[in-house]
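Have the viewer open as you read.

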Amino acid sequence: MPKCVNVVFNLPIENEYTYLIPDEFLDKISIGKRVIVEIKHKGRINAIITEIIEKEDVSNLSKVLDVIDENPIVSNEIINLGRWAAKYYNCSLGEVLFSSIYSQIKTTKKYRKTYEYYIKLNKDK
């Protein structure tokens with residue numbers, strides 16, 4: 001059976017949506033990573049993977065277009081906590097998860113450079 005993912009968007013939509021995983025991304029997909037998918041009326045948008053499933057009928061499913069992250073940015077524990085928070089605060093799981101990640105990684109720029117600066121203290125002076 002083909003593998004698929006359930007994803008959520010940073011939109012006020014309660015449902016999770018299912019997308020087909022193309023063969024070239026099978027080894028890169030894991031829960032908690034962001035992917036780029038296409039939705040009607042919005043175009044390409046990033047989403048967070050909440051579940052990996054196998055589905056028999058995939059004829060009407062869209063494909064994942066790209067995988068953004070090398071490592072998951074949201075853990076299973078955060079996803080479960082997000083499900084609770086979405087029910088408690090009456091909002092979508094996607095809104096909760098996207099608000100839990102910091103703004104520097106919310107962009108869809110896949111190859112964003114990050115720099116780390118270190119300060120060395122000179123004890124001689």
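The notes below take the helix pair, then the tyrosine.

## Ground rules

This is a predicted model, so local features need pLDDT of at least 70 and side-chain atom pairs count only at pLDDT 80 or more, while totals for chains, interfaces and linings use all residues. Residues are numbered from 1 along each chain as its sequence is written, and side-chain values use heavy atoms, with hydrogens and water left out.

## The α1/α2 pair

Helix α1 spans residues 76-88 and helix α2 residues 93-100; they pack at about 125 degrees, axes 8 Å apart.

On the α1 side, Ile 78, Ile 79, Gly 82, Arg 83, Ala 85 and Ala 86 meet Leu 93, Val 96, Leu 97 and Ser 100 of α2 (contact is heavy atoms within 4.5 Å). Within α2, Leu 93, Gly 94, Val 96, Leu 97 and Phe 98 are buried, i.e. under 20% relative accessible area with a 1.4 Å probe, protein chains only. Those buried residues pack against β1 (3-9), β4 (43-54) and α1.

## Tyr 19

Tyr 19 belongs to strand β2, residues 17-20. Its relative accessibility is 5%, so Tyr 19 counts as buried. Beyond neighbours within four places in sequence, Tyr 19 has contacts including Cys 4, Phe 9, Val 37 and Val 64.

Leu 61 is 42 residues away from Tyr 19 in sequence, yet their C-alpha atoms are 5.7 Å apart. A polar atom of the Tyr 19 side chain lies 3.1 Å from the backbone oxygen of Glu 38.

How values were computed. Axes are lines fitted to C-alpha atoms, for helices over the stretch in contact, and angles run from 0 to 180 degrees between N-to-C directions. Helices (H or I, at least four residues) and strands (E, at least two) are DSSP runs, numbered from the N terminus. Buried means under 20% relative accessible area, exposed over 50%, partly exposed in between (1.4 Å probe, protein chains only). A polar contact is a pair of N or O atoms within 3.5 Å; within protein, one must be able to donate a hydrogen and the other to accept it, and residues adjacent in sequence count only if both atoms are side-chain atoms.
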